[in-house]
Amino acid sequence: MPEFDLAFSASLTEETGHFKLLELPTEICALVENSLTPLRFSVKGQSSEDAVLCTPDDKTYTIRSVVLSNNILVVTSDPENDAAVVVRDQLTEILELTPTLPKLEKLTALLRGRDLDDVADNADGEPEPGISYEDAKSLIQASDGELASTLRKRRILDIRGKLRPIAPSYLTTILETILNHIVAQGLKPEAVPASELSATLADENEISVAVSMQVMTWFGNLNDGVWVLDVPAVHEPLTREELLRRWKLAVGDTFEASVALDLLSGNYLETASTGLFSADTLTYFPSSALPVEPASRFADLFLTRQRWRAEDISPFLSDIALNNKERDKLLLKYTRTTTDSGGQVYYTKR
Amino acid sequence: MIVPISFNSPSTSAAATSYPLPPTLARISHAEVVLVELQGALEIHSAKPSERDGKLVGRLGIDDAGKTATLRIGHHLLEGKVVQLAKPLAVLQRVLDGHKEDNMDVDGGEEQPAPSETQTTTGWDAIALIKRKIVFSKRPTPIVGRPA
């Protein structure tokens, strides 16, 4: 049996705390093993927050330190002696990773009052206060991919290096103007010359090029100056219209066919017909405006409505639960479930 | 704040800085690092912590098949075995400003090494991915009639 001298490393004291063990979930391990190029993960968080680990693409994990009752020695070879090995560090904890949702709610607070509307769009020049994309990257506990897609989803513009959410009314105006231009000039929605369109918008409608170009990327693909309009996407921000009729009117004849209520999931509440209204009515009720804490979110939801059907409540939980299993756990914890004679499941306050 | 953690970074694979383990140990999981788990800790009585630096702990033995291991410390013998980890572990090593600057530039690109005092942590490097370790889970048995 080969034997080796095991000794403390000569730099043991100096290197105390220089080693850590990180437990890798299967997917990260596969990512690391299959990649030949350097990968850069980042640990993000302020001193008051729990640290998270962000992958180079689009995943976020919470980091938890687990104390072991056993000691783990990190042993490497001894540079001076081939037959000996040295203890580099003695560790009593490992870091565990659990997948989590990115903590994006801070973004709302950071960007409060920074809305960009048509008045602000025309005020050029002066340096802007507020936070930049780089600031957001270090302040928000989310991976780069998740942050970028959130900025897109929440309609946040990057104007002269600062993040500005676009005012909903202004976005509606821009979209209506764009759609009108497309129809008026007989352009094909699959191939819109982007720079010409934004130049026209700047000249005729005083919508700055920076704004219109970014709006176009939100609602389609911009390749080599040709904008491919993603027709269903255009309808998404118009949710504040209370009725589909007005919505169809707003988008015009060409796009009327692609108007569908599914696109508004998580943004409206449907109220069954009552004596006062003969038809079902829709109210604007965005899930993004609800609290992030599960307890307060359920409190809010049950304030709005006493009794929820399963399919009605799930869109309002999708952004706080990682998957269906998590969602069911929340429902189990915070609601009482009843099933009526027709097999319809209802959730009520616990 | 952001603390970068680099995997497969060029500095860890560079041949100049690597010292491979003896082949029987390298076979356990990784060419340069092996993890040894002890039930309990190595306690050293010394006036100051740095006194133990470079001192011999014992003899680590491993059988040719790479399945069982022994650790002899003085008159005590520990028997252990090589086990598979439930989840792989990455061994992270602190990267200090100063002596690894060149490597940081290669994998960072936009990384700007802030001119600060030496010995500032700039991040962590994953130096190894470990899937198996040596565990000594039993009590030590005394060795009689043999010089330590």
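This briefing describes the interface between chain A and chain B. The model is predicted: local features need pLDDT of at least 70, side-chain atom pairs count only at pLDDT 80 or more, and totals for chains, interfaces and linings use all residues. Residues are numbered from 1 along each chain as its sequence is written, chains are lettered from A in the order in which they are written, and side-chain values use heavy atoms, with hydrogens and water left out.

**Extent**
- In chain A, 55 residues are in contact with 64 residues of chain B (heavy atoms within 4.5 Å).
- About 5,400 Å² is buried between the two chains, and carbon and sulfur atoms give 59% of this area (accessible area, 1.4 Å probe, that two parts lose on being put together, summed over both).
- Of the area that chain A buries against chain B, 13% is supplied by Phe4(A), Phe8(A) and Arg40(A), more than any other three residues.

- Five salt bridges are counted between chain A and chain B (a side-chain nitrogen of Lys or Arg within 4 Å of a carboxyl oxygen of Asp or Glu).
- One salt bridge joins Glu3(A) to Arg59(B), with the closest N and O atoms 3.3 Å apart.

**Strand pairing**
- Strand β2 (19-23) of chain A pairs with β5 (residues 76-96) of chain B in the antiparallel sense over five bridges (strands are DSSP E runs of at least two residues, numbered from the N terminus; two strands pair if DSSP finds at least two bridges between them).
- Opposite Leu21(A) stands Val91(B), in β5(B).

How values were computed
Helix = DSSP H or I, 4+ residues; strand = E, 2+ residues; numbered from the N terminus.
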